[in-house]
Amino acid sequence: MSLLFKDRPDANSLKPKLPLSGKIRAFFTNHLRHSVAALGDLWRTPIASLMTMAVLGLSLSLPAALYVLQKNAVAVSSAWQNAAEISLFLRQDLSPEVQRAFSHRIGLHPEVESVRLVSPEQGLDDFKVQSGFGDALAYLDRNPLPAVVVVLPTEENRGPREARALLDKLESAREVDMGKMDIDWLERLDAIIALIQDSFGALATLLLVSVVLIVGNTIRLAILSRKEEIEVMKLVGATDGFIQRPFLYAGLWYGIVGAMISWVAISLIIWWLTDAISYLSGLYQSSFQLMGINLAEALFLLFLSSFLGLCGAYISVKRHIALIEPA
Amino acid sequence: MIRFDHVNKLYPGGHHAIKDVSFHLKKGEMGFLTGHSGAGKSTLLKLIALLEKPTNGQIFINGHSLARVKKRQIPLVRRDIGIIFQDHRLLTDRSVLDNVALPLVIEGYSHKEIKRRVSAALDKVGLLNKINHYPMQLSGGEQQRVGIARAIVNKPPILLADEPTGNLDPELSVEILKLFEEFNRVDVAVLIATHDLGLIARMKYRTLTLRKGQMINDGLLQHDRGELL
């Protein structure tokens, strides 16, 4: 309605009154139309638009790739948690009955999930098979190996610190000669994973900020290149909101297409690495499969990227459209 | 319709563009605003269109003080004022149809209504056959008429023109002014800034003359006083 002329008809007074459902539908068709129009604007300069989108896509690919790496590293490390197995070497002078009783007693600890007793004979057999020294071992006149109790701690007690505490506790038993656990290796793996996670957070923050800045700057250039048009629109009574809308949609589109490009890039990288990874994991007798980005993560990437694009565009239009005043 | 009450405009730097100007242009009245370049004609028009704010004094449109208009309401006020510029200010990358439709698109008219009104406005300025041309394909006079069609397409009660005949030969100028007379006849208040005194003298309309920012004449400009005082 006109501000100064109360009786002057305007666009709204001509429109038939719509019911609520019609208004909602009109709202969405309106926005759909504007978003398609904004996409059309971008399409008018396809190379420049695609360049910006590609830059965004690559900026997003890096944190996404780090995320995938982190996800896989966590999966790998949890598959290798059995590394927290504790081996207790028993004194040589114990009879098999005492060994069995001891092994049974260990199994009753609440921190212990399972125990396995490896007798000296069995140990020797295993060693013959695994080491390849089979023939040489035949020259030994007596079995040098002690009986071993292999202890698998429960889930909660497999972390480096918990497992260490359990080892100390079990080692103090009278029957035990010494206890051993490959704990250093586990600690190092945990530290590496923590490092990846931390650097993922820092790098992701930096790159996501750069996405906002890239979109903001691109939109700023778009606004400046249409300065004359914006002046004319302001002269004939366009509100800032009306002028902003196509730029905000452009930012949204930058974000959406950028997310798609980064998804394609990540998928390509994973496809590229799959053969190498399966060869490597084959060497470790593991059936490890590289995990890609699942649907929920892809959707999250899409939403995050569109949100960042919108943010960049919003910051830019708020600053620059207000500055353009017709003279 | 447009009332100035002791309006002053001082630009930063000390240039006193408008000095204590008072006048009242009534509803449906047509007037000329004249004076040398630099006399303050454009500034006065800018004050009405809220492109500038007066340093002091009050401006009223239809009884409403412009000082009370909030910043975000300025676009709504501009929708009530059709403005025509010497340099047309057309968007060269859009067709005549899109240029003229701009005020209607901004106000959110329906597609059908836009088409109807744009056709009516272009018909009035005699350019309906050029609706799908681009501004660059038109002559200077035609471009000016497209600018006029854009200014009147949403039927504003006030029409301002800043040197609308500045670049046109006398014949075309008369044609343009006849258009303004036509709008004036349907009760639109028209204020035309021009330094084309010969034109004014022929038309016998109220003339406001500015010199160095001051209003030195308000009324009919006499034929024999054709040169500025």
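In this predicted model, Leu66(B) is in contact with Leu50(B), Ile59(B) and Ile61(B), leaving aside its neighbours within four places in sequence. The residue sits in a loop of chain B, between strand 5 (64-65) and helix 2. Leu66(B) is partly exposed, because 19 other C-beta atoms lie within 10 Å and a buried residue needs 20 or more. Pro54(B) is 12 residues from Leu66(B) in sequence. Their C-alpha atoms are 9.7 Å apart in space.

Glu175(B) stands 29 residues from Val146(B) along the chain. The C-alpha atoms of this pair are separated by 14 Å.

In chain B, the axes of helix 3 (residues 96-107) and helix 4 (residues 111-124) come within 9 Å. They cross at roughly 125°. Helix 3 of chain B is therefore oblique to helix 4 of chain B. The crossing of these two helices is right-handed. Helix 3 of chain B contributes Leu97(B), Val100(B), Ala101(B), Leu104(B) and Val105(B) to the contact. Across from them, helix 4 of chain B presents Ile114(B), Arg117(B), Val118(B), Ala121(B) and Leu122(B). By class, the residues of this contact are nine nonpolar, no polar and one charged.

The two chains also meet. Chain B gives 24 residues to the contact, and chain A gives 20 residues. Helix 2 (74-78) and helix 3 of chain B each supply at least two residues of the side that touches chain A. That side of chain B comprises 12 nonpolar, five polar and seven charged residues.

Nonpolar side chains tend to be buried together in soluble globular proteins. Here the largest nonpolar core has 104 residues. The residues with the most contacts inside this core are Ala250(A), Val100(B), Ala149(B), Leu159(B), Leu160(B), Phe180(B) and Val190(B). Helix 10 (residues 240-283) of chain A gives the most to the core, with 14 residues. Ala250(A) is in contact with Ala38(A), Asp41(A), Leu42(A), Ile219(A), Ala222(A) and Ala313(A), leaving aside its neighbours within four places in sequence. Another core lies apart from the largest one and has 14 residues. Among its members are Ile86(A), Leu90(A), Ala147(A) and Leu166(A).

Helix 10 of chain A also packs against helix 11 (residues 295-323) of chain A. Their axes are 7 Å apart, at an angle of about 150°. The two helices are therefore roughly antiparallel to each other. Their crossing is right-handed. The residues of the contact between helix 10 and helix 11 of chain A divide into 20 nonpolar, nine polar and one charged.

Methods:
Residues numbered from 1 in each chain as written. Chains lettered and ligands numbered in written order. Predicted model: local features only at pLDDT ≥ 70, side-chain atom pairs only at ≥ 80, totals over all residues. Axes fitted to C-alpha atoms, helices over the stretch in contact; angles between N-to-C directions. Helix = DSSP H or I, 4+ residues; strand = E, 2+ residues; numbered from the N terminus. Parallel < 35°, antiparallel > 145°, perpendicular 65-115°, else oblique. Left-handed = near helix turned anticlockwise from the far one by under 90°. Contact = placed C-beta atoms within 7 Å. Nonpolar A, V, L, I, M, F, W, Y, C, P; charged D, E, K, R; others polar. Core = buried A, V, L, I, M, F, W, Y, C linked by C-beta atoms within 7 Å. Buried ≥ 20, exposed ≤ 12 C-beta atoms within 10 Å, placed from the backbone.
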